[in-house]
Amino acid sequence: MSSTAYAEHRTVKRRMRLGLASKQALFAYAIILPTLAILAIFRFLPMLEAFYFSLTQYDLVHPPKFIGLANFVDLMGDPLFLKSARVSIAYVVFSVIPVLPLSLGLAVLFNRSLWIKNFLRSAIFMPVVMPAVVMAVVWTFMYQQDGVINTILGWFGIDPIAWLRSSASALWAVILIGIWRATPYYMVIFLAGLQAIPADYYDAAKIDGAGGWASFWHITLPLLKPTTLLVVVMNVIVAMKVFAVPLIMTNGGPADATRVLPLFIYQTAFEFFDMGRAAAMSVFLFVAVMLFSFVQVRMFTRGEELR
Amino acid sequence: MASIEIRAVNKAFGPTQVLHDVDLEVANGEFLVLVGPSGCGKSTLLRMIAGLEEVSGGEISIGGRVVNDLPPKNRDIAMVFQNYALYPHMTVRENMAFSLKLRREPKPQIARQVEDAAEVLNLMPFLDRYPRQLSGGQRQRVAMGRAIVRNPQVFLFDEPLSNLDAKLRVQMRVEIRSLHQRLHATSVYVTHDQIEAMTMADRIVVLHEGRIEQVGSPLDLYDHPANLFVAGFIGSPSMNFVRGVLRARDDTHWVEAGDGTALPVGGSPQGRDGQEVVYSFRPEHLELGATGGGVPAKIQVIEPTGADTHVFCEFCGTQICAVFGERLSVRPGETIFLQPKVAGVHLFDAANGKVLTNGIGN
């Protein structure tokens, strides 16, 4: 083949390859287009709109009026908002931290061969498949003065507690449900993470002289780091968005003890009809979630890329 | 250093018996290779020596001490795994130091031991890298380093080279062998690759369906296979088998192949006139006869390997392979005349596969 003919052959080949690549790209775009369209209409547009509303005064009846950052400035001096933010932070901290050891512990337990494993695994997973509203109603009954929980406490000589009626205990009651509901869900994620660790590493560790604790500490935990990051980030986001359970069980009371931010946002928008202020709080929550997640990812991946 | 003794060892997974009464001794400092097709139980036996699988019956001792109920860490063994099993979140240095760290050895001593091992294996430049930053051959070396760093009594290798490409495999084969010559550690090496077994072993154990078929030095197995399985498994290209009937008249013996061809047998083999046998010879034990001399064979495929020529042809109704050291000017479709060298002929009992005679010349 002469050199010109060869060069020509090469060009033709390259053109054909490019053609194929762009065809494949077009096909890919065609496939994701419907999803993108739905996301854009029902997710991104309302989000952008919320950003806009946060800069307005809007009561759902009269057209929105642009007022700049006034809503945000107002919020910073609003004791109700600050109280609600504090409740949300408490909810996040105390519902996320216990879930980690609980879900990981259960996952490790269920990763072993246990004859009753399948039954227990399904039983423990129940809270996840139960609708939040049903769950909230059932727990409300259980928390009542003469409910199951106080009855059981009574067997041990403990006086009945006014779970949902006392501002001292209501938040704890709500947090307990959050833990009860999140633990099995994250257990399944940890279980998937555990099963992705090749058995070879444990064999090698046994030969190297590691016992159960040493393998867990030196092999399991470090290799579960990506899973743990996922669980913490997801768990924090879900906890920051908790809404249905406090709405149904306490509606934010007593004395605002359980008025988490999402509930306060909902009430501001649809009970006080202050859309602008509610949108401003949403933006605040959005930024807070983003910041938290960003910091967590940075903390976990310090110095090394995720595997 | 220590010897290993395996006495009547059995292993069952539920109702499936994977090892049947295995008896084996590994001498102090010996390099023993367990070889067999997949599913023959070789890895299971190795894992039982390591303590990663329980012993269902029988006894395993290392250095005179029964280890059946000892956990791996108390057996003073090291193991190299098929896919290396290097901890991905630890550097090469940490991987190699892990066992020493668990034993709470003093830090300066750990550092010295790791560096000594790294020196031996040319791993010094990689000590601070993570396994994912290394090539397959380097990972393999780290796995070896992790094994030698604590100077164990026994090395166990579980198909350590099967993930490497052909060229690297040959190179690592030599390295493992020379490492063994330097350390003289008792080693048990599992592979399904008979070439690896032949080239590395002091002694080879051929396992098949959970039973030991034969134990011996590589050339012993090659020249004196005890049964059809070993004969077919050891050697590449593998031994040729032609079914026939043993004929004896006075002092002469020959085998009558299925198509009536008389095949020569030297000496006086065991077996009686009329017994069904498998007439066997290695590809290199064939002579090219002149036209009319020997058995006519129709050439099907010719594979020139450079060093020698592999000729696949039909011989007495069976496909066989013949290897010639010289280059041949023949083509597929042509007929050549082949004469088995009597000295290289083995006869096996067709009924049970046991050897009747191994070629007298070997």
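Me: How confident is the predictor in the complex, by ipTM and pTM?
Reply: This is a predicted model. The predictor gives the complex an ipTM of 0.84 and a pTM of 0.80.

Me: And chain B, what is its average pLDDT?
Reply: Chain B averages 90. Of its residues, 98% score at least 70.

Me: What about chain A, what is the mean there?
Reply: The mean pLDDT of chain A is 85. There, 92% of the residues reach 70 or more.

Me: Where in chain A is confidence lowest, and where is it highest?
Reply: Lowest is helix H1 of chain A, residues 3-53, with a mean of 79. Highest is H9(A), at 93.

Me: Staying with chain A, which domains are assigned?
Reply: Domain 1 covers 3-53 and domain 2 covers 72-300. Taken over C-alpha atoms, their centres are separated by 40 Å. Helix H1 of chain A also spans residues 3-53, the bounds given for domain 1.

Me: How do H3(A) and H11(A) cross?
Reply: Helix H3 is residues 79-96 and helix H11 is residues 225-240, both of chain A. Their axes come within 9 Å and cross at roughly 140 degrees.

Me: Is that crossing left-handed or right-handed?
Reply: The crossing of H3(A) and H11(A) is right-handed.

Me: Which residues meet there?
Reply: From H3(A), take A:Ser88, A:Tyr91, A:Val92, A:Ser95 and A:Val96. From H11(A), take A:Asn235, A:Val236, A:Ala239 and A:Met240. By class, the contact has six nonpolar residues, three polar and no charged.

Me: What is phi at A:Phe273?
Reply: Near 50 degrees, a positive value in a residue other than glycine. A:Phe273 is in the loop between helix H13 (261-270) and helix H14 (275-300) of chain A.

Me: Switch to chain B. How is it divided into domains?
Reply: Domain 1 runs over 4-230 and domain 2 over 237-357. The centres of these chain B domains are separated by 39 Å, over C-alpha atoms.

Me: How many residues from each domain make the contact between them?
Reply: Five come from domain 1 of chain B and six from domain 2 of chain B. The domain 1 side has four nonpolar residues, one polar and no charged.

Me: Is the peptide bond from B:Ser236 to B:Pro237 cis or trans?
Reply: That bond is cis, with omega near -5 degrees. B:Pro237 is found in the loop between helix H8 (228-233) and strand E11 (240-249) of chain B.

Me: Which strands does E11(B) join?
Reply: Strand E14 (residues 276-281) of chain B, by six bridges, antiparallel. Strand E12 (residues 252-257) of chain B also joins E11(B) by six bridges, again antiparallel.

Me: What does B:Asp250 do in the hairpin of E11(B) and E12(B)?
Reply: B:Asp250 takes a positive phi near 55 degrees. That hairpin has two residues between the strands.

Me: Next, the five-strand sheet in chain B. What is the strand order?
Reply: The order is E15-E19-E16-E17-E18, in an open sheet with antiparallel pairing. Strand E15 (286-289) and strand E18 (318-324) of chain B are the edges, and each pairs on one side only. The twist averages 45 degrees from one strand to the next.

Me: How many bridges pair E15(B) with E19(B)?
Reply: Four, in the antiparallel sense, with strand E19 at residues 335-340 of chain B. B:Glu287 has B:Gln339 in E19(B) as its bridge partner.

How values were computed
Residues numbered from 1 in each chain as written. Chains lettered and ligands numbered in written order. Predicted model: local features only at pLDDT ≥ 70, side-chain atom pairs only at ≥ 80, totals over all residues. pLDDT = per-residue confidence, 0-100. Pairing = 2+ DSSP bridges. Axes fitted to C-alpha atoms, helices over the stretch in contact; angles between N-to-C directions. Domains from an automatic or database assignment. Left-handed = near helix turned anticlockwise from the far one by under 90°. Contact = placed C-beta atoms within 7 Å. Nonpolar A, V, L, I, M, F, W, Y, C, P; charged D, E, K, R; others polar.
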